[in-house]
Every structure is written in C-alpha cells, then in structure tokens.
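Hi,

Here is the structure I promised to pass on.

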Amino acid sequence: MKMLINVPESVVADALRGMAAAHPELTVDVENRVILRRDAPVAGKVALVSGGGSGHEPLHGGFVGPGMLSAACPGEVFTSPVPDQMLRAAAAVDSGAGVLFIVKNYTGDVLNFDMAAELAEDEGIQVAKVLVDDDVAVTDSLYTAGRRGTGATLFVEKIAGAAAEEGQPLERVEALARQVNESSRSFGVALSACTTPAKGSPTFDLPSGELELGVGIHGEPGRERRAMMTSGEIADFAVHAILDDMTPRNPVLVLVNGMGATPLLELYGFNAEVQRVLSQRGVAVARTLVGNYVTSLDMAGASVTLCQVDEELLRLWDAPVRTAGLRWGV
C-alpha cells in the first residue's frame with residue numbers, strides 16, 4: 001500500500017510536528033505526545049482531557065480548543081496513550097476547578113486513564129471520568145468489555161466542552177457528559193479494511209463485493225458480513241439497528257461520519273438516506289453533521305450516531321467552538 005509517510009516508526013511524531021506548524025493556537029509537545037490549548041490553564045474553568053490511539057483523526061487532537069477539549073493525548077496508531085501522557089496533560093490544564101477525563105470504552109484506554117486518574121489525585125488534582133460506549137453493533141469485541149466507544153465521543157466532547165467553557169462546575173460537566181453518552185447510539189459499516197503504517201497491508205480480509213455491518217473503528221468484526229448493498233439499504237440497516245436500541249422522545253443530533261476514505265459526495269448521499277429513514281420512523285432531527293470526524297485511517301465506509309437532546313443539550317451543541325476539526329459561531 002502506498003502511504004504519504006517517511007517511515008512507520010515516525011508517523012505519529014511527524015503528524016504532530018505538522019499539526020504544530022499548522023495551528024499556532026495549540027501547544028504541541030511532540031516528545032511527550034500531548035496537545036494543549038495554548039491558553040491553558042484557563043482560570044476557574046473545568047479542563048477536559050481525552051485521548052486514544054492515533055489513526056482516528058481529527059479525533060482527539062483536532063478537537064482541542066475553546067468550546068471542546070483542553071488537552072488530548074495521542075498514542076501510537078490504534079494503541080492507547082500511556083498514563084504519564086494523561087497525567088502530564090491533566091497537570092498542564094488544571095486550573096484548580098478539576099479535570100474531566102473522557103474515555104472511549106477500549107480496555108487499554110480504560111486501564112490507562114484509570115491509572116492516570118489515581119496518579120493525578122495523588123498530586124492534588126480533582127479528576128472525574130466519563131466512559132463513552134455508544135456502539136450498538138456488538139457487546140464485547142477484540143479490545144472491549146461491553147460496548148465500544150465511537151461517534152458519540154464527538155457529541156460528549158462538544159457538549160461537555162461548551163458547559164466547561166461557560167464555567168459550569170465539574171460535577172455538572174460530568175453529569176452532562178454522562179447524559180450525552182446515555183442518550184447516544186452508533187452503528188458503523190466498512191466497505192474496505194484499513195491499513196496501518198506498521199503492517200502496510202489491510203488489517204482484515206474483506207473481499208471485493210462484500211461489506212462489514214457493525215464494524216469497529218479499529219477494524220473489529222461487526223454483526224455480519226453481506227454482499228454489497230446500496231446506500232439506501234445500508235441506511236435502513238444502520239438506523240433500524242440504532243432505533244431498535246433507543247426510542248427518541250426528543251429531537252436528535254445526527255452524525256453521519258466517514259471512516260476516512262469515503263468522499264463527501266457519497267457521505268452526503270448517504271445522509272439523504274439516513275434522513276429518509278428517520279423521517280419514516282417519525283424521528284425529529286435537530287441538527288446534522290456530515291464529514292470525517294472519527295475515522296479509521298483509510299477505511300472506506302461510514303457510521304451513524306444519533307443523540308437525543310433536550311433544550312440545554314441543544315444550546316450547548318450550538319455554542320461557539322474553535323478547534324482544528326470543528327469550528328462554528330466564532
């Protein structure tokens with residue numbers, strides 16, 4: 001496979017150096033693998049810290065900035081960051097108002113963020129943790145006990161980040177983050193496998209003419225494999241899988257998310273089909289976001305995430321945000 005890299009061993013460091021050059025509003029510590037808001041710590045403000053394996057960009061580093069994360073910790077490709085990174089990030093952004101760790105439900109991430117929270121508390125930093133586990137496709141997977149954390153991570157980071165930006169206390173920011181996760185469900189589909197730089201070939205075998213329904217963001221197996229389906233058929237399957245697990249009583253946020261290699265032309269067409277199914281099921285849509293936000297390197301495919309929102313969650317979603325990967329209202 002052809003890749004725009006130097007050598008696999010330096011791909012994350014090279015990307016961080018490039019991010020630093022493109023975004024002077026960030027402080028990017030390439031050696032210690034931490035991305036910070038340049039103005040951190042912000043007096044009186046709860047800090048949000050997240051992270052995970054690289055390869056899902058713009059998640060998480062692309063969501064550092066006013067209105068979202070205070071810091072992000074990138075690991076190696078598809079590999080959890082280590083507790084020292086998280087501790088360094090928490091210490092750098094803590095203003096004394098506390099730190100919220102936002103953790104996708106993958107075993108390595110959970111263990112390392114738990115360890116980092118204990119280390120931070122030993123240093124006098126107040127830490128709360130929220131686990132994101134929105135994927136309805138499977139329960140238990142290659143890297144997970146329980147449901148996987150996927151697209152809802154963006155909703156949690158945006159809404160909790162807006163609350164923190166307003167100066168809301170740690171307990172409230174944590175409660176809102178939990179509410180968003182509990183109100184969200186996701187389902188992903190792969191049209192091709194992804195290729196990690198170290199392996200240089202597809203991470204799993206997906207024959208041409210087939211797709212993987214319920215795939216994870218590291219290429220984990222889904223519910224089933226089928227012959228290729230139309231955009232409308234995929235939307236039917238994905239949205240029905242989500243609505244079988246939730247019954248929205250309020251309007252929803254919709255994220256139609258590309259896995260990395262699917263062009264916007266196809267994603268917008270897929271969104272039209274997702275909106276059709278939601279309308280047929282009587283689900284009101286409050287806002288829609290379409291694009292590549294929680295990716296899996298060069299995987300072709302898409303995921304759908306729905307988040308049921310009340311007036312407060314919708315207000316916080318609409319609040320200004322200024323990050324490399326998400327920006328409006330400023």
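Below is what turned up, going from the cores to the aromatic rings and then the pockets.

Before anything else, keep in mind that this is a predicted model.

**Cores**

The largest nonpolar core takes in 51 residues, and L48 and L100 have the most contacts inside it. The element giving the most to this core is helix α4 (residues 152-165), which puts in nine residues. There is also another core, apart from that one, with 30 residues, including V136, V138, V254 and A302.

**Aromatic rings**

How many aromatic pairs does the structure hold? The count is four. One of them is F155 with W317, an edge-to-face pair with 5.3 Å centre to centre and 80 degrees between the planes. This pair links distant parts of the chain, since F155 sits in helix α4 and W317 in helix α8 (residues 311-318), 162 residues apart.

Together with W328, F155 and W317 make up one aromatic cluster.

The largest pocket holds about 660 Å³ of space. Its lining has 35 residues, and the closest to the centre are V11, A15, S54, G55 and E57. By type, the lining of the largest pocket divides into 19 nonpolar, 12 polar and four charged residues.

The second largest pocket has about 190 Å³ of space. Among its 13 lining residues, L191, S231, I234, E266 and F270 lie nearest the centre. Here the elements giving two or more residues are α6 (231-243), α7 (264-280) and β12 (301-308). The largest share comes from α7, with three residues. The lining of this second largest pocket divides into eight nonpolar, four polar and one charged.

Cheers

Key: Residues are numbered from 1 along each chain as its sequence is written. This is a predicted model: local features need pLDDT of at least 70, side-chain atom pairs count only at pLDDT 80 or more; totals for chains, interfaces and linings use all residues. Side-chain values use heavy atoms; hydrogens and water are left out. A nonpolar core is a set of buried Ala, Val, Leu, Ile, Met, Phe, Trp, Tyr and Cys residues joined through side-chain atoms within 4.5 Å. Buried means under 20% relative accessible area, exposed over 50%, partly exposed in between (1.4 Å probe, protein chains only). Helices (H or I, at least four residues) and strands (E, at least two) are DSSP runs, numbered from the N terminus. Rings of Phe, Tyr and Trp (its six-membered ring) pair if their centres lie within 6.5 Å; planes under 30 degrees apart count as stacked, over 60 as edge-to-face and the rest as tilted. On a 1 Å grid over the protein atoms alone, a cavity is a set of points where a 1.4 Å probe fits but cannot get out, and a pocket is an open set with protein on both sides within 12 Å along at least five of seven lines; lining residues have an atom within 4 Å of a point. Grid points are joined across faces, edges and corners, and a volume is the space filled by probe spheres set on the points. Ala, Val, Leu, Ile, Met, Phe, Trp, Tyr, Cys and Pro count as nonpolar, Asp, Glu, Lys and Arg as charged, and the others, Gly among them, as polar.
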